[in-house]
Amino acid sequence: MSPFVSADRLALLVSLVPYLRQQEAAVPVETAASHFGVSATQVRDAVRLIAVSGTPGDAGVYSHLDLFDINWDAFEAQDLIEVTHFVALEEAPRMSNREAAAVIAGLGFLRSLPRLVDENRIDDLLRKLGASGAAPHFAFGSIAEAPAARDAVTAALATRRRLRFRYRREDGDESVRHVDPFTLETLGGDLFLRGWCLERDAERVFRLDRMREAVVTDVSAESHPAAATSRPIFTPSEEHVLVTIEAEAAVLPLLRDYLPPGQPAPTVDDRGRATVQVRMASMRHLSRLVAGNAGEMRVLAPASARAAVADWAATALREHDER
């Protein structure tokens, strides 16, 4: 059996036929191999398998019209791929515009995750999806720019080195921090560094978009056995503002990390909504959370939280109109 027939090569076999059909002339094997990021040998194996593939006729047997056919002279003598007869492609499922939008949005989110995916592979998938014609009428915005400190943070984690950066707190206070990094995590679309802050001699969590002038130092990060690296990024406490939010069932998971300790899971009513009390350390973060889920979250109390969300939305609209 050809070494091509395996699960990890199935994607190439499925993608190669539509790719060849889109070409106006014979395609060099090396060109196809470069396009799909595989070896020329794998492409040749795929072409040979395609040449004996097809769909049986009504009688359950194959005729020459039920099989793919290629220009064997060009393939064997010149290493060119030219399919002279295609079959069954009309029945191949295609993604709708809505499905393609969901896939591209998902790929964009995956690309933003730190150290979890190969960004070049995601970019290749996005280009291929656009070139395949799956979503010909959609124009998608660019992926949000990653915080400037992300590269330094990931490098420090990879090399186990200490980080130095300027950090601006929610209240605007700014200071220089030296941190031995533990993990890079994401919550609500924001990236957070968890590490041991030497200035505070304790574990701290830092938002990457508040970090400035991040530098990987030559000092090796020390081990800190007392660090509780498994705890959540945000730990509600009595010091945080208690906010009452009405939320759709679909967005309740976004509020789970803000529930006070011991509070039971919220109950959804007949309208598919639940009233939830959560602890918030930052009114700015609350405003972004609610605005990002407009129509699915509504702040009920206190009045100061409602005002903060309204002011944030008004400022955003004003800045949008001024552009």
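So, which residues of helix 2 are buried? Keep in mind that this is a predicted model. Helix 2 covers residues 29-36, and the buried ones are V29, A32, A33 and F36. They sit on the same side of helix 2, because the arc they cover around the axis is only 100°. Then, just after the helix, G37 takes a positive phi of about 70°.

Okay, on to the cores. The largest nonpolar core has 21 residues, and V243, I245, L255, V278, L286, M297 and V299 are the ones with the most contacts inside it. Strands 10, 11 and 12 each give two or more residues to this core, and so do helices 8 and 9. Strand 11 supplies the largest share, four residues. Take L255 from that list: leaving aside residues up to four places away in sequence, L255 touches I245, A247, V276, V278, L289 and M297.

Last stop, H224, in the loop between strand 9 and strand 10. Is H224 buried or exposed? Buried, because its relative accessible area is 16%, and the cut-off for buried is under 20%. Its side chain makes a polar contact of 2.9 Å with the side chain of D180. A polar atom of the H224 side chain also lies 3.5 Å from the backbone oxygen of E222. Beyond four places in sequence, H224 touches D180, F182 and W196.

Conventions:
Residues are numbered from 1 along each chain as its sequence is written. This is a predicted model: local features need pLDDT of at least 70, side-chain atom pairs count only at pLDDT 80 or more; totals for chains, interfaces and linings use all residues. Side-chain values use heavy atoms; hydrogens and water are left out. Buried means under 20% relative accessible area, exposed over 50%, partly exposed in between (1.4 Å probe, protein chains only). The arc is that of the directions from the helix axis to the C-beta atoms. A nonpolar core is a set of buried Ala, Val, Leu, Ile, Met, Phe, Trp, Tyr and Cys residues joined through side-chain atoms within 4.5 Å. Contact means heavy atoms within 4.5 Å. A polar contact is a pair of N or O atoms within 3.5 Å; within protein, one must be able to donate a hydrogen and the other to accept it, and residues adjacent in sequence count only if both atoms are side-chain atoms.
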